[in-house]
Amino acid sequence: MNEKDKAIIDSALLIIANHLQQTTLMLDATELVKNYLQLKLAMREREIFSVLYLDSQQQLIEYKEMFSGTHDGCPVFPKEIVKHAILRNSSAIIVAHNHPAGRAKASNRDIIMTQRIREAASLFDIKLIDHFIVARNEIISFSEEGLLAYI
């Protein structure tokens with residue numbers, strides 16, 4: 001990516017981040033979150049697991065890239081996600097990761113990890129709102145796919 005393209009993407013990320021900090025994420029910003037995550041994660045060469053930490057009004061406190069891995073996997077530690085949420089006084093979280101080498105499709109491993117994160121967060125009254133998987137040209141939402149209903 002050349003410097004001009006990088007500057008354009010950085011500007012777009014700043015604009016979207018400002019909107020995310022002023023928007024109630026669960027009710028009216030799914031597409032905004034998707035656009036933000038697509039810009040953040042789609043072109044990464046390694047798998048990155050990130051978390052959006054939200055306040056009680058479901059507005060963005062912080063976006064944090066928590067873990068990174070290889071081109072086809074990433075270790076994720078729910079304890080660290082929850083610890084960071086507690087330190088930020090977060091009431092809810094949205095998790096996301098990319099699939100640099102594949103499609104935006106949830107694997108069994110992704111579903112099990114989401115369940116572990118949801119269980120760990122719920123012990124501290126932190127709500128898991130959604131999990132997004134980002135590939136280069138597509139993004140899925142566990143919530144929209146009905147996957148959170150089974151977890």
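This is a predicted model: local features need pLDDT of at least 70, side-chain atom pairs count only at pLDDT 80 or more; totals for chains, interfaces and linings use all residues.
A residue is called buried when its relative accessible area is under 20% and exposed when that area is over 50%.

**Helix α4**

Helix α4 comprises residues 78–87, and its buried residues are P78, I81, V82, H84 and A85. Viewed down the axis of α4, these buried residues fall within an arc of 160 degrees, so they line one face of the helix. An α-helix has 3.6 residues a turn, so residues three or four places apart point the same way. On the face of α4 turned away from the buried side are the exposed residues K79 and L87.

After α4 comes N89, which has a positive phi, near 55 degrees.

**Residue H84**

H84 is a residue of helix α4. Its relative accessible area is 11%, and the limit for a buried residue is under 20%; H84 is therefore buried. When neighbours within four places in sequence are left aside, H84 is in contact with Y53, E62, K64 and M66.

**Aromatic pairs**

The structure contains 3 aromatic pairs. Two of them are set out below.

| Pair | Distance between ring centres | Angle between planes | Arrangement |
|---|---|---|---|
| Y36 and Y63 | 5.4 Å | 90 degrees | edge-to-face |
| F49 and F67 | 6.3 Å | 50 degrees | tilted |

Planes over 60 degrees apart count as edge-to-face, and the planes of Y36 and Y63 stand at 90 degrees, so this pair is edge-to-face. Y36 belongs to helix α3 (residues 30–41) and Y63 to strand β2, so the pair ties together parts that are 27 residues apart in sequence. Both Y36 and Y63 are buried.

For F49 and F67 the planes stand at 50 degrees, so the pair is tilted. This pair also links distant parts of the chain, with F49 in strand β1 and F67 in strand β2, 18 residues apart. F49 is buried, as is F67. Ring pairs join F49 and F67 with F77 into a cluster.

Technical notes: Residues are numbered from 1 along each chain as its sequence is written. Side-chain values use heavy atoms; hydrogens and water are left out. Buried means under 20% relative accessible area, exposed over 50%, partly exposed in between (1.4 Å probe, protein chains only). Helices (H or I, at least four residues) and strands (E, at least two) are DSSP runs, numbered from the N terminus. The arc is that of the directions from the helix axis to the C-beta atoms. Rings of Phe, Tyr and Trp (its six-membered ring) pair if their centres lie within 6.5 Å; planes under 30 degrees apart count as stacked, over 60 as edge-to-face and the rest as tilted. Contact means heavy atoms within 4.5 Å.
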